[in-house]
Amino acid sequence: MPGNNETAEDIKAKKNICQPPKQSHFRQVNRRAGKFAYSTDNTYEQEIYFDQVQIIHQIGGKTDHIFLENLNCYKKQLSKVFPETPERWTSQPVPEAPCRPVKGAPRWTALPTPVRNLLPQVGEEDVAIKTRRQKQQKESLKEDVTWELVVLQRMLQEWKTAWALTVEWHHKTTEGLLQGLVDVHDDIRIQAIITCATAAVEWPRIATSQGDSDKETGKAPSVQDLPEVLQPALEAALCDKNANVRMAAALCQYAIQSHNPLAQDIMHSVLLKGNSVDSWAAAQCLALEGAATYPVIKRILQQLFSKKNDDTEYQSCMLLSHLSEKTTLIHTMLAVELNSYQWKDRIIACRVLSQVGGNVSLDMKHKLIQMMLSDWNKEVRHAAAQALGRMSFGKEVYNTIRVKLSQGNFQERVEALSLIGGLKVMTARLLPSFLSCFSDDFMAVRRAACLAAGALQIRDKMDTANSILSDSGICCPLISAALGQIGQVSPQLTDLLLWAIHYEESPGVRLEACRSILALNLQGDRVRDTFLDALLLENHEAVLKEIHQAMKILNLENEGNQEILQKIKNRPNTVFFNIISSDLDSNTKPKRLADTENIQDGEGHRKSERRNKTCLLATQGGAKTTETPYFSTRNFSG
């Protein structure tokens, strides 16, 4: 076609992605911040902070230059280093040490400045992009470790730890291992065999992702087996005269996954007649091969219920899950443990059943439901409920809980609410029955409902619980604590908490109300005045300590009134007129109160003492006690 020049069609030039720095003399972050916004006219800071350009760390690059991913380069303004380098005193070039260690870093004297004339030429290799590509590829490389290899690694590590073997295979040579495999001493032969096994399972296995487009730079190294010269010596060790050497050689054969029949025979013999350490290792090796026999499963369950730690449980669950596809013997043997007299064994059995998988019989489901409802231990009930949920029987669990809440007696309702709090899951059909428990006639049901609400963290539909606060005075601290956990604050809740601190007779209720105020982080003058009045009227040490701590955390301390409060507190049975008139210099003198010397100490006379003391506060402030539900010590100021 005319006008189409094909002269330069075959020339392949590399695309230049270099972007010159934006010539903006002044830029600012978030102008809405006003005078607090950070602004700068330096190009390096603008690219780093405003454009969010990343720094590229080149291999072998100059230490006084900063390279960015958009190919812009900046030179650091560094302070002089003394003593100066030899270039200062001679004109001859001095060769640089490639990997010379430097202690510390020189200080910047100014911000970096752009370096000119560093644009890449056509056909020149883009070092920055290559470095960045290699870094991303290194991050994308993941160690390709299967679950079988994880089991082998843990099994071998446990076996070495039990026999106090320390293996360092990284620095071993093939010649040294050959000499160790034919040594006359048994312990040296065992050490050499286990070194080979450890190297086989711990050798790094790297695999790249399938979608990696940089195949030319991201080829994964192939998995290297043990050298061929070691294989005959390792197989010959299976016929060694020493039983421990034969066991180590069998472990090595399983580590290199050779499927040697002689090694299998050794493992079967050790499983039946060996000690606890060797039999546990043999059971794991045979389970990896899929030997779903009674001795193998029995040894795994024996180790699981005897050790009772997380690592053993994880290892056992992986092996049992692998074997459950071939046999139902695992569920049968775990069902026996559900009837164990040890409640910890029953919990472990429930957890393992939920992780093993496979077909669960109807009798097993009914047994778990029975444990969920009637087991004497609370943790067992929760474990059974969680196992049913993980085994896709959650519908049956919540239908049973809903029936217990709506039709059961108060004990069944308490158990159902405890299960709801333990499972921490709420459904739409279960919510009406759950909310009705807040107005139940039994205090135990209301208490369980409060604890379940706090565990569930339900923020919706909690207005019902707020409205109940005014009617359920005996359960108010529990509902307050539950709403404190949820963070739900309402005026009714605030009024009730302040009223409880001031007027409740039970120290436990006052203590819980103070903790709820601290959990809800309530602030304001009413809270401060109520705390100050409580310091004057309170006579329980635990409540006083909690009030002081809450005032300190909430920053509600009023130093101006602390001295007068302490004096009134120290002299409760004397005439208060002299104390107030001498400390506050008020023009209006309070009326003389009735003598309180005949009032006996005790919690039963708390109300009369509170009335006498609060009457003094009310007369001093010119307010009546019947019109002031919350007393303020600020009236002392006149």
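Me: A helix here is a DSSP run of H or I with at least four residues, numbered from the N terminus. In which helix is L456 found?
Reply: L456 is found in α19, which covers residues 443–456. The model is a predicted one.

Me: Why does L456 count as buried?
Reply: Buried means under 20% relative accessible area. L456 has 14% relative accessibility, so it counts as buried.

Me: What does L456 touch, leaving out residues up to four places away in sequence?
Reply: A contact needs heavy atoms within 4.5 Å. By that test L456 touches I420, K424, V425, M426 and F434. As for L423, its C-alpha atom is separated from that of L456 by 8.7 Å, and the two residues are 33 apart along the chain.

Me: How many helices and strands does the chain have, and what part of it is buried?
Reply: The chain has 28 helices and 8 strands. Of its 638 residues, 40% count as buried. Among contacts between residues at least 6 apart in sequence, 63% join residues at least 24 apart.

Me: How do you know that β3 and β4 pair?
Reply: Two strands pair if there are at least two bridges between them. Strand β3 (residues 55–56) and strand β4 (residues 65–68) are joined by 2 bridges, and they run antiparallel. In one of these, I55 has L68 of β4 as its partner.

Me: What makes β4 and β5 a pair?
Reply: The test again is at least two bridges, and β4 has 3 with β5 (residues 73–78), in the antiparallel sense. Across this pairing, I66 stands opposite Y74 of β5, and H65 stands opposite K75 of β5. Between the strands of this hairpin are 4 residues, and L71 has a positive phi near 70 degrees.

Me: In what order do the strands of the open sheet come?
Reply: The order is β3-β4-β5-β6, which makes 4 strands in an open sheet with antiparallel pairing.

Me: Why are β3 and β6 said to stand at the edges?
Reply: Each of them has a single partner strand, so one side of β3 and one side of β6 (108–114) have no neighbour in the sheet.

Me: Why are α4 and α5 called oblique to each other?
Reply: The axes of α4 (residues 174–181) and α5 (residues 186–202) cross at roughly 135 degrees and come within 7 Å. Angles under 35 degrees count as roughly parallel, over 145 as roughly antiparallel, and 65 to 115 as roughly perpendicular; the rest are oblique. The angle between α4 and α5 belongs to the rest, and therefore these helices are oblique to each other. Their crossing is left-handed.

Me: Which residues make the contact of α4 with α5, and how do they divide?
Reply: From α4 come L177, G180 and L181, and from α5 come I188, R189, A192, I193, T195 and C196. They divide into 6 nonpolar, 2 polar and 1 charged.

Me: At what angle do α9 and α11 pack, and which residues meet?
Reply: The angle between α9 (residues 276–288) and α11 (residues 310–323) is about 35 degrees, and the axes are 9 Å apart. This crossing is left-handed. W280, Q284, A287 and L288 of α9 meet Q315, S316, L319, H322 and L323 of α11. The contact has 5 nonpolar residues, 4 polar and no charged.

Me: Why is A164 called exposed?
Reply: Exposed means over 50% relative accessible area. A164 has 66%, so it is exposed. A164 lies in the loop between α3 (147–162) and α4, and its phi is positive, near 55 degrees, although the residue is not glycine.

Me: Why is Q257 called partly exposed?
Reply: Partly exposed is the range between buried, under 20%, and exposed, over 50%. Q257 has 47%, so it is partly exposed. Its place is in the loop between α7 (243–255) and α8 (261–273). Q257, which is not a glycine, has a positive phi of about 55 degrees.

Terms used:
Residues are numbered from 1 along each chain as its sequence is written. This is a predicted model: local features need pLDDT of at least 70, side-chain atom pairs count only at pLDDT 80 or more; totals for chains, interfaces and linings use all residues. Side-chain values use heavy atoms; hydrogens and water are left out. Buried means under 20% relative accessible area, exposed over 50%, partly exposed in between (1.4 Å probe, protein chains only). Axes are lines fitted to C-alpha atoms, for helices over the stretch in contact, and angles run from 0 to 180 degrees between N-to-C directions. A crossing is left-handed if the near helix is turned anticlockwise from the far one by less than a right angle, and right-handed if clockwise. Ala, Val, Leu, Ile, Met, Phe, Trp, Tyr, Cys and Pro count as nonpolar, Asp, Glu, Lys and Arg as charged, and the others, Gly among them, as polar.
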